[in-house]
Structures are given as structure tokens and as C-alpha cells.
Amino acid sequence: MTYQQAGRVAVLKRILGWVIFIPALLSTVISLLNFFYEQTKAEKGINAVMIDFVHVMVDMAKFNTPFLNVFWYNAPLPVLGQGITSANIMFIVIYWLIFVGLALQASGARMSRQVRHIREGVQDQLILEQTKGTDARTQQQLEERILIPRHSIFLQIFPLYILPLIIAIVAYFALKLLGLLG
């Protein structure tokens, strides 16, 4: 792919990354808020005041964000202790989409930096070529020789594979500490 095409692909990857990341993040956060709300409904004792506070905050967030009703009413609610359910699978897929969006955006940003560097290099080389006089190559001749390799998002090991696991493990221990896991 030429560096002009790479520039367009980089912009598309960055936009697509944000388009995937933002709804996935919203859905995951709202799923977790609904999960906390449902898990703590029957809680009694000294924690009741704190839990009532959490319920008021979730209700207030739901009331003040009517533009997010699509997420509030359709985000999958994970169910613990029932094995693999469709809600759990959907939650995991949406959770993973957060990191796919981040990887796409990072890949697009990397390609964008490379294209910018190449564009500057072509301009520098063009200036040097003009000093040669009649033997100078044109900008089109220089650009034809440049081929950019394709960048796969699946090669981004940390944001796509390691970070989701780290966050899931931290969340597991946090839920265990809060007593929401059996």
C-alpha cells in the first residue's frame, strides 16, 4: 500500500477504534453498575447505609442520562454462579471490544506517525534531488518506490491480550473483597 493509502487507512482505523471503544466502555460500565445494583438489593446490616448510597447514585445516574437509555435497558447483566449464560458471553464479548477498539486506535496512531515521518522524508529527499539538477527524480517517482506494510491489530500483545486479563483479575479480587462473589 502506498503511503497516501496508509494515511487514509490510519485515519479510518483511529475513527473505527473510537467508534468501537466508546459504546463498549459505556455498555460495560453500565452492566457493572446494574450488576452491583442487583447484587446488593437484599443486603442488610451495617452495610445497608453504604448500599443505599450506591443505589441512590445508580438511580441518579440512570435518571440524569436518558440519552444512554439504550445502554441502561439493553446492556447485558452478568450472572455469577450460573456458568456460561448468553448474558455472560455477551458481557465478555463487549468487554473485549473495549480492548479491540483501543488496539485499532493505537494501530491507526502508529500508522499515522509513520506516514507523517515518511511524508517529511519524501519532502527532504525531494529537496536533495532538486540539487542534482537534470538527474533529479520527481516526487511521483519517489512516492512510487514507497510501500507501507499492513499493520495488524492482533500483533498488539499488551492492549489486546494482557491488559484485559489484568483488569479482569483485579476486578475479580475487588468483587471478592466486597463480598459480591461467593
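This is a predicted model: local features need pLDDT of at least 70, side-chain atom pairs count only at pLDDT 80 or more; totals for chains, interfaces and linings use all residues.
**Stop 1: two helices.** Select residues 3-39, which form helix α1, and residues 48-64, which form helix α2. Their axes come within 10 Å and cross at roughly 140 degrees. Angles over 145 degrees would count as roughly antiparallel, so α1 is oblique to α2. The crossing of α1 past α2 is left-handed.

**Stop 2: where they meet.** On α1, show the side chains of L33, N34 and Y37.

**Stop 3: a residue inside α1.** Stay on helix α1 and select S31. Is S31 buried or exposed? S31 is buried, because its relative accessible area is 1%, and under 20% counts as buried. Leaving out residues up to four places away in sequence, S31 touches A75, P76, L77, P78 and F91.

**Stop 4: the largest nonpolar core.** Select M1, Y3, A6, A10, M111, V115, V122, I146 and I148. These nine residues make up the largest nonpolar core. Helix α1 and helix α4 (86-130) each supply at least two residues of this core.

**Stop 5: one member of the core.** Finish on I148, which belongs to that core. Which residues does I148 touch, not counting those up to four places away in sequence? I148 touches M1, T2, Y3, A6 and I118.

How values were computed:
Residues are numbered from 1 along each chain as its sequence is written. Side-chain values use heavy atoms; hydrogens and water are left out. Axes are lines fitted to C-alpha atoms, for helices over the stretch in contact, and angles run from 0 to 180 degrees between N-to-C directions. Helices (H or I, at least four residues) and strands (E, at least two) are DSSP runs, numbered from the N terminus. Angles under 35 degrees count as roughly parallel, over 145 as roughly antiparallel, 65 to 115 as roughly perpendicular and the rest as oblique. A crossing is left-handed if the near helix is turned anticlockwise from the far one by less than a right angle, and right-handed if clockwise. Contact means heavy atoms within 4.5 Å. A nonpolar core is a set of buried Ala, Val, Leu, Ile, Met, Phe, Trp, Tyr and Cys residues joined through side-chain atoms within 4.5 Å. Buried means under 20% relative accessible area, exposed over 50%, partly exposed in between (1.4 Å probe, protein chains only).
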